[in-house]
Amino acid sequence: MSQSASGAAGDGSRVRPQGSERALSEAYDTALLDLDGVVYAGGHAIAHAVDSLAEAREGGMGLAYVTNNALRTPDTVAEHLTELGIPTEAGDVITSAQAVARLISEQVPEGSRVLVIGGEGLRVALRERGLVPVESADDDPAAVVQGFGGPDLAWGRFAEASYAVARGVPWFASNTDLTIPSGRGIAPGNGAAVEVVRIATGAEPQVAGKPLPPMHRETILRTGAKRPLVVGDRLDTDIEGAFNGEVDSLLVLTGVTDGAQLLAAPPQHRPTYVDVDLRGMLTGQPEVTGEAGEGFRCGGWTAAAGDGRLELEGEGEAIDGLRALCAAAWTAAGDGVCELDSAKALARLGL
């Protein structure tokens, strides 16, 4: 189990964001970074990402890019990051295709045929494990695997998967994210495609991607990280994945998670640290002090759970106010979900 820089175990049971006197890039040996919403959005680098990652790397922190998207190969992802100004090798990229390929290889003999419903990333990962990708349920596959295949994946591919799964062939999925961001908005993800086969067969796949343990195991095996820090923008994949792997996490607010979702987070979705963007890797993290009866303080803000709502007083950096509100909300919720009204308090912070 990793220990946070503040000494708290990375077990997700915390009721306040943790502090760190040291810069996170010094306290942890490797950053396990999500891509969409953290490093880039719509194909373009997020503000401060390139410079922050360069500074962390120059300071000795290892950088690994961890994605649930099984469509692109590590080479393709590395090339894209390098074009954005983030020098990256294929070995720095870990995908759910690699995690699911390892999972399959542990259950079927080397050289087995695997029916692929997805893109090139899956085929490359399977070959790396000594497995043979095939296209038809009639090719006598030993397993079926589904991964995101992009917008042009033919409907007939789901029928092939259904035929094989209905015959009892073991079924695997790279991930079950229902949606995926695109340059035009939110599109159906691999989880939506998995639902098609589940409805047709009544079967359940073995899933490898975030937030489940096979993805975290793949990441640690490939990076050799001893003190990893998961950096993400999604509570239900990145932060829950860190919880399941018993390591610490940094949530950045450049992606899908907003303030209200963070305050309502159940224990498995509560990050160790919260910051605006990837610059948070380069600094220490302020301590949140106080208790439920007296309010929680961070920076110039004090937050408390009032009569049916969260209350916030003071002034200062908005992110400090959000940290204080997290402590008030998570303490009030305990092991549950905070149902206190947070709208007025978040409006004060412009969140």
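**Cavities and pockets of the predicted model**

Helix 9 gives the largest share of the lining of the largest cavity, four residues. Helices (H or I, at least four residues) and strands (E, at least two) are DSSP runs, numbered from the N terminus. The model is predicted, and local features need pLDDT of at least 70, side-chain atom pairs count only at pLDDT 80 or more, and totals for chains, interfaces and linings use all residues. Residues are numbered from 1 along each chain as its sequence is written, and side-chain values use heavy atoms, with hydrogens and water left out.

A cavity is a set of points, on a 1 Å grid over the protein atoms alone, where a 1.4 Å probe fits but cannot get out; a pocket is an open set with protein on both sides within 12 Å along at least five of seven lines, and lining residues have an atom within 4 Å of a point. Grid points are joined across faces, edges and corners, and a volume is the space filled by probe spheres set on the points.

Two cavities of 30 Å³ or more were counted. The largest cavity holds about 140 Å³. Its lining consists of 16 residues, and Val66, Lys210, His216, Thr219 and Val230 are the closest to its centre. Two or more lining residues come from each of strand 1 (30-33), helix 8 (213-223), strand 13 (228-232) and helix 9 (235-245). Nine of the lining residues are nonpolar, four polar and three charged (Ala, Val, Leu, Ile, Met, Phe, Trp, Tyr, Cys and Pro count as nonpolar, Asp, Glu, Lys and Arg as charged, and the others, Gly among them, as polar).

The largest pocket has a volume of about 1,000 Å³. Of its 47 lining residues, Asp36, Asn69, Phe148, Ile180 and Pro181 lie nearest the centre. Elements giving two or more residues to this lining include helix 3 (74-83), helix 7 (190-201) and helix 9. The lining comprises 19 nonpolar, 20 polar and eight charged residues.

About 160 Å³ lies in the second largest pocket. This pocket is lined by 13 residues, with Pro74, Gln98, Val124, Glu128 and Arg222 nearest its centre. Helix 5 supplies the largest share of that lining, four residues.

Glutamate 240 is located in helix 9. Glutamate 240 touches Pro211, Leu235, Gln268 and His269 (heavy atoms within 4.5 Å), residues up to four places away in sequence not being counted.
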